[in-house]
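Trainee: I have a model to go through. Can we take it question by question?

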Amino acid sequence: LAYPIDEHRYINVMTIAGSDPSGGAGLQADLKTFASLHCYGMTTITALTAQNTCGVDSIYSLPASFVRQQLKSVFSDINIDAIKIGMLEREEIVVEVAQFLEEKGVAKLPPLVVDPVIYAKSGDQIIDNNAINILKEKIIPFATLLTPNRQEACRLLGRNNICVDDLEEAAKELLKLGTKAVLIKGVDGRDCLLVQEQEKVVWIGGTTDWIDSKNVHGTGCTYSAAITAFLGRGDPLLRAVQKAKIYITEAIRAGATYQQGHGAGPVCH
Ligand code: PLP
């Protein structure tokens, strides 16, 4: 995973996401991942959550106009190499972020990974119902890669379940939302990557990669943040996903032995 570091320039990676004060998920997971992959991490905060390893207690949403202000301040000053979008929380925030990206111009955007965060690992829904449709309509069409887990893929497609045999077909359905590629994560230990231009289905990982750990809080965030970091470093999509898969697998393995809190603990970066 190692890279030579350019001494004159950072690799700048921005996450647009919510805060997890317990440090396992959200923008905290993203920043830890960016740092360990030698990227300069930046954050646009959409919401503050009050949560721990056991679940989400409360969400405090930021005004959509202030989300835009954060984006404006950073983008007007610093060149961004890759963007990750995580928890957008409310319809107004989704609309504001979409408008900002549109104003920047799709062609000028750096690689954009959209993690359609709908549920926390505890099962708590952490996005407004209204925001989900707007996310599909306004954000996903900008994405270089969409990274739902099985549950999120189901919700986006309005289905009850997706089993391994249905995975490719579900990925094809998700591509119709306008993203250039889709990675459905964690279905029976495997991920399915479908890239639009080549109509190519690639299986990432295998059942032997499965690690039995209760410490899976923030795995989705960490995986998509690692993909974003590798894209920011210039890797092509498939390579970025393969490397990120190694990163998340090893982070889960390393975190499995720790006892942190009373519920689902974090991975170890
Ligand atoms: N973003 C925030 C702010 C969260 O609190 C969570 C989960 O708690 C997530 C994203 C998604 O977490 P995971 O990576 O466990 O799916």
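Trainee: How many residues surround the ligand?
Mentor: This is a predicted model. The closest residues to the ligand are Gly18, Gly26, Ala120, Gly220 and Cys221. The whole shell divides into 7 nonpolar, 9 polar and 2 charged residues. The count around the ligand is 18 residues.

Trainee: Which element gives the most to the shell around the ligand?
Mentor: Three elements each supply at least two residues: strand E1 (12-19), strand E2 (40-51) and H7. The top contribution is 3 residues. The element that gives it is H7.

Trainee: How are the axes of H1 and H7 arranged, roughly parallel or oblique?
Mentor: H1 covers residues 26-36 and H7 covers residues 219-232. Their axes come within 9 Å and cross at roughly 40°. Angles under 35 degrees would count as roughly parallel. H1 and H7 are therefore oblique.

Trainee: What is the handedness of the crossing of H1 and H7, and what classes of residue make the contact?
Mentor: The crossing of H1 and H7 is right-handed. H1 brings Gly26, Ala29, Asp30, Thr33 and Phe34, while H7 brings Cys221, Thr222, Ala225, Ala226 and Ala229. By class, the contact of H1 with H7 holds 6 nonpolar, 3 polar and 1 charged.

Trainee: H7 also meets H8. Are H7 and H8 roughly antiparallel or oblique?
Mentor: H8 spans residues 237-255. The axes of H7 and H8 come within 8 Å and cross at roughly 140°. The roughly antiparallel class needs an angle over 145 degrees. H7 and H8 are therefore oblique.

Trainee: What is the handedness of the crossing of H7 and H8, and which classes of residue make the contact?
Mentor: The crossing of H7 and H8 is right-handed. H7 contributes Thr219, Thr222, Tyr223, Ala226, Ile227, Phe230 and Leu231; H8 contributes Ala240, Val241, Lys243, Ala244, Tyr247, Ile248, Ala251 and Ile252. The contact of H7 with H8 has 12 nonpolar, 2 polar and 1 charged residues.

Trainee: Now the backbone. Is His38 buried, exposed or partly exposed?
Mentor: Most residues other than glycine have a negative phi. His38 has a positive phi of about 60° and is not a glycine. His38 sits in the loop between H1 and E2. With 16 other C-beta atoms within 10 Å, His38 is partly exposed.

Trainee: Glu89 has a positive phi too. Is Glu89 buried or exposed?
Mentor: The phi of Glu89 is about 70°, although Glu89 is not a glycine. Glu89 lies in the loop between strand E4 (82-85) and helix H3 (91-104). A residue with 20 or more other C-beta atoms within 10 Å counts as buried. Glu89 has 25, so Glu89 is buried.

Trainee: Where is Pro148, and is Pro148 buried or exposed?
Mentor: Pro148 lies in the loop between strand E6 (145-146) and helix H5 (150-157). Around Pro148 there are 28 other C-beta atoms within 10 Å. Pro148 is therefore buried.

Trainee: Which residues does Pro148 contact, leaving aside neighbours within four places in sequence?
Mentor: Pro148 and Leu174 are 26 residues apart along the chain, with their C-alpha atoms separated by 9.6 Å. The contacts of Pro148 beyond those neighbours are Pro116, Ala153, Leu156 and Ile184.

Key: Residues are numbered from 1 along each chain as its sequence is written. This is a predicted model: local features need pLDDT of at least 70, side-chain atom pairs count only at pLDDT 80 or more; totals for chains, interfaces and linings use all residues. Axes are lines fitted to C-alpha atoms, for helices over the stretch in contact, and angles run from 0 to 180 degrees between N-to-C directions. Helices (H or I, at least four residues) and strands (E, at least two) are DSSP runs, numbered from the N terminus. Angles under 35 degrees count as roughly parallel, over 145 as roughly antiparallel, 65 to 115 as roughly perpendicular and the rest as oblique. A crossing is left-handed if the near helix is turned anticlockwise from the far one by less than a right angle, and right-handed if clockwise. Two residues are in contact if their C-beta atoms, placed from the backbone, lie within 7 Å. Ala, Val, Leu, Ile, Met, Phe, Trp, Tyr, Cys and Pro count as nonpolar, Asp, Glu, Lys and Arg as charged, and the others, Gly among them, as polar. A residue is near a molecule or strand if its C-beta atom, placed from the backbone, lies within 6 Å of it. A residue is buried if 20 or more other C-beta atoms lie within 10 Å of its own, exposed if 12 or fewer, and partly exposed in between; C-beta atoms are placed from the backbone.
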